[in-house]
Amino acid sequence: METGQMNKNKNSNIVNTPYDDVFRTLLNDCRRLIIPVINEIFHENFRGDEEIVFMPETHFLNQQDGREEKRVTDTSFKIVGDTLKVEIPHSAILFLRCDTSTPDQMRIEMRTPGGTVRFDALVMKSKRYRIDEIFEKNLLFLIPFYIFSHESRFVEYNKDKGKLEILKAEYIDIRNRLDDLLESGQISAYTRKIIMEMSNKVVENWSRQSRRPLILRPWVWTMIP
């Protein structure tokens with residue numbers, strides 16, 4: 001699964017972002033959170049206690065200027081007789097940011113010596129999911145990126161204290177729901193901690209990169225006890 005942010009940079013060297021780091025941290029430290037996301041995208045019915053084995057196809061090569069070049073180097077394959085069979089797994093793209101031009105389905109095109117191969121990749125747009133649906137479907141993996149659903153209204157929040165209070169109340173509700181899941185044993189204290197820390201990291205980096213007033217920080221940091 002790849003993450004997308006509607007980056008219009010056409011350079012083939014892809015700069016690693018803090019949001020990529022958050023995505024990887026969630027996968028590495030709270031890997032079971034990805035199972036409901038897989039169920040949602042691919043219409044599967046995994047229980048959530050299945051063993052997860054990561055088979056990364058993407059590697060990042062560190063450059064001298066600090067950038068990372070993304071290269072897809074591995075694919076599952078096997079040799080049968082005199083034929084090398086390559087297996088392409090089902091693919092999906094998770095858009096953290098999206099707008100009206102973001103497609104609901106994307107086409108993957110692979111150029112080979114024997115011709116061009118095309119197949120569709122499913123698309124998931126995190127901004128479409130509201131808090132109730134996130135918790136109903138157990139899509140806790142999306143919580144750190146939930147702030148992007150409010151991104152277009154940040155100027156309003158910084159000018160209108162009433163609207164900002166509504167946003168604060170929404171995040172207090174998120175914290176309380178996570179506390180309930182912890183108390184009921186559905187998530188661990190560590191999972192709760194990582195979700196909160198990653199939520200803070202996303203907001204902090206968004207505030208710094210967008211050069212908006214850091215009015216968001218005080219109430220987001222209160223999520224961590």
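Biologist: What is the relative accessible area of Met110, which counts as partly exposed?
Modeller: This is a predicted model, with residues numbered from 1 along each chain as its sequence is written. Buried means under 20% relative accessible area, exposed over 50%, and partly exposed in between (1.4 Å probe, protein chains only). Met110 is partly exposed, because its relative accessible area is 31%.

Biologist: Which strand holds Met110?
Modeller: Helices (H or I, at least four residues) and strands (E, at least two) are DSSP runs, numbered from the N terminus. Met110 falls within residues 105-112, which form strand β7.

Biologist: What is the area of the nonpolar surface patch that includes Met110?
Modeller: Patch residues have over 30% relative accessible area and no salt bridge; like charges are joined within 9 Å, nonpolar side chains (Val, Leu, Ile, Met, Phe, Trp, Tyr) within 5 Å. A salt bridge puts a side-chain nitrogen of Lys or Arg within 4 Å of a carboxyl oxygen of Asp or Glu. Areas come from the Shrake-Rupley method with a 1.4 Å probe, and for residues only the protein chains shown count as cover. Leu84, Val86, Ile88, Met110 and Val117 make a patch of about 410 Å².

Biologist: Is Leu33 buried or exposed?
Modeller: Leu33 lies in the loop between α1 (18-29) and α2 (34-42). Contact means heavy atoms within 4.5 Å. Leu33 touches Leu140, Phe141, Thr191 and Ile195, leaving aside residues up to four places away in sequence. Its relative accessibility is 10%, so Leu33 counts as buried.

Biologist: How far apart in space are Leu33 and Ile187, C-alpha to C-alpha?
Modeller: In sequence, 154 residues separate Leu33 and Ile187. In space, their C-alpha to C-alpha distance is 9.6 Å.

Biologist: In β8, which residue is the bridge partner of Ile93?
Modeller: Strand β6 (residues 92-95) is covered on both faces: Ala92 and Leu94 are buried on one side, Ile93 and Phe95 on the other. Two strands pair if DSSP finds at least two bridges between them. β6 and strand β8 (residues 115-125) pair in the parallel sense over four bridges. The β8 partner of Ile93 is Val123.

Biologist: What is the relative accessibility of His43?
Modeller: His43 is not a glycine, although its phi is positive, about 60°. His43 sits in the loop between α2 and β2 (58-62). His43 counts as exposed, because its relative accessibility is 69%.

Definitions and conventions. Predicted model: local features only at pLDDT ≥ 70, side-chain atom pairs only at ≥ 80, totals over all residues. Heavy atoms only, no water.
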